[in-house]
Amino acid sequence: MRQDNYLVYVTGLLLCLLSSACTTLVPTRQMDGKVAELRKEQGNDSLQKLPTAELVRLGQDHLAAGRTGVARLHFAVALEREPSSTEALFGLGECLRRETETQGAVQIFTLVVKNDPDHVGAMLALARIYRSQGNYDLSLEWAGKALFKAPDAPEILTEMAVTSSHMGRDPMAEPMFRQVAELKPEQASSHNNLGFNYLLQGKHDKAIESFSRALAIEPRNRMLQNNLATAYFLNGEETRAKEIFIKTLGEAAAWNNLGYLYMTQGKWEKSEQALKKAVDLNPQLYMRARENLARLADLREKAGR
């Protein structure tokens with residue numbers, strides 16, 4: 001499974017109609033009701049007394065804390081007072097994006113870029129939305145525009161690399177992931193992303209090196225530990241892989257993971273033995289291991305045809 005932060009473990013509201021000629025926001029009747037409810041909860045009088053800049057700042061704080069509904073209200077009040085506020089408009093777009101109202105988010109971010117052609121954040125947001133929709137070409141186009149405005153920005157390079165990888169262009173993504181790791185050497189995820197890219201290319205020894213660097217930064221991160229174990233396994237170091245799996249997951253889950261990995265390599269007998277051992281050691285893993293055993297049986301049947 002590939003994710004935005006590229007961390008892998010084996011095994012964005014005010015819905016608005018935007019005028020193409022101006023920045024006026026016209027909320028739907030349904031959302032008018034939701035905003036009215038939020039006004040009542042938050043205290044409309046207190047919000048109206050706040051300056052626009054403070055409304056935007058508070059909206060950003062709420063957004064950062066994941067409170068998109070309250071953040072949306074602050075941005076909406078700010079825009080009622082100052083419709084041309086790019087920061088409030090962008091914040092509203094982020095609320096839409098995080099609540100997966102992508103059509104409205106695209107309209108808002110597009111308008112932000114129209115009003116401010118140098119707004120890298122809106123360009124990057126558009127790239128992320130289009131990638132999530134599987135429109136990789138358009139995603140790369142917007143990420144490229146953002147990178148032109150902000151060369152060497154790690155978050156933009158990561159976005160382009162992840163999209164390229166989704167397109168099956170892992171060798172093309174590698175130098176971008178490597179550049180991010182060089183720009184952010186203190187960030188575990190940058191080394192992890194590079195390591196996973198190496199895994200996809202079959203460069204297992206390099207993957208081990210990158211995952212080890214990530215773990216040196218976050219030694220208790222189980223996801224990183226299991227990524228490292230997977231890299232060791234794929235590099236032919238099964239004993240080392242098993243040791244890490246046991247340390248992080250316990251012996252039964254370790255055998256389940258090993259069984260799955262053997263299955264991906266077409267090693268049917270070893271896979272079956274490992275999965276059955278997982279069941280014997282911990283019957284609570286029976287459902288997961290049984291699913292893997294059923295998958296294994298299906299694969300063996302198909303392979304025998």
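Modeller: Helices (H or I, at least four residues) and strands (E, at least two) are DSSP runs, numbered from the N terminus. This is a predicted model, in which local features need pLDDT of at least 70 and side-chain atom pairs count only at pLDDT 80 or more, while totals for chains, interfaces and linings use all residues. Residues are numbered from 1 along each chain as its sequence is written, and side-chain values use heavy atoms, with hydrogens and water left out.

Biologist: In which helix is T52 found, and is T52 buried or exposed?

Modeller: T52 is found in helix α3. Its contacts (heavy atoms within 4.5 Å) include A78, R81 and E82, leaving out residues up to four places away in sequence. Buried means under 20% relative accessible area, exposed over 50%, and partly exposed in between, with a 1.4 Å probe and protein chains only. The relative accessible area of T52 is 12%, so in α3 this residue is buried.

Biologist: How are α3 and α5 oriented to each other?

Modeller: Axes are lines fitted to C-alpha atoms, for helices over the stretch in contact, and angles run from 0 to 180 degrees between N-to-C directions. The axes of α3 (residues 52-64) and α5 come within 10 Å and cross at roughly 20 degrees. Angles under 35 degrees count as roughly parallel, over 145 as roughly antiparallel, 65 to 115 as roughly perpendicular and the rest as oblique. The two helices α3 and α5 are therefore roughly parallel.

Biologist: How do the residues of the contact of α3 with α5 divide by class?

Modeller: From α3, V56, Q60, L63 and A64 meet E87, A88, G91, E94, C95 and R98 of α5. Ala, Val, Leu, Ile, Met, Phe, Trp, Tyr, Cys and Pro count as nonpolar, Asp, Glu, Lys and Arg as charged, and the others, Gly among them, as polar. The contact of α3 with α5 thus has five nonpolar, two polar and three charged residues.

Biologist: Is A71 buried or exposed?

Modeller: A71 is placed in helix α4 (residues 68-81). Apart from neighbours within four places in sequence, A71 is in contact with G59, H62, L63 and C95. Because its relative accessibility is 0%, A71 counts as buried.

Biologist: How is α7 oriented to α8?

Modeller: L126 touches W142, as well as V106, F109, T110 and V113, when residues up to four places away in sequence are not counted. The helices α7 and α8 (residues 136-149) pack with their axes 8 Å apart, at an angle of about 160 degrees. That angle makes α7, relative to α8, roughly antiparallel.

Biologist: How many nonpolar, polar and charged residues has the contact of α7 with α8?

Modeller: On the α7 side are V120, M123, L124, L126, A127, Y130 and R131, and they meet Y136, L138, S139, W142, A143, K145, A146 and K149 of α8. By class, the contact of α7 with α8 has 11 nonpolar, one polar and three charged residues.

Biologist: How are α13 and α15 oriented to each other?

Modeller: Helix α13 (residues 222-234) and helix α15 (residues 251-264) have axes 11 Å apart and pack at an angle of about 45 degrees. The contact is made by N226, T230 and F233 of α13 with N257, L258, L261 and Y262 of α15. The two helices α13 and α15 are therefore oblique.

Biologist: What is the phi of T100?

Modeller: T100 lies in the loop between α5 (86-98) and α6 (102-115). With a relative accessible area of 62%, T100 is exposed. Most residues other than glycine have a negative phi. T100 is a residue other than glycine with a positive phi, near 55 degrees.

Biologist: What is the phi of D152?

Modeller: D152 is in the loop between α8 and α9 (154-166). Its relative accessible area is 44%, so D152 is partly exposed. Although D152 is not a glycine, its phi is positive, at about 70 degrees.
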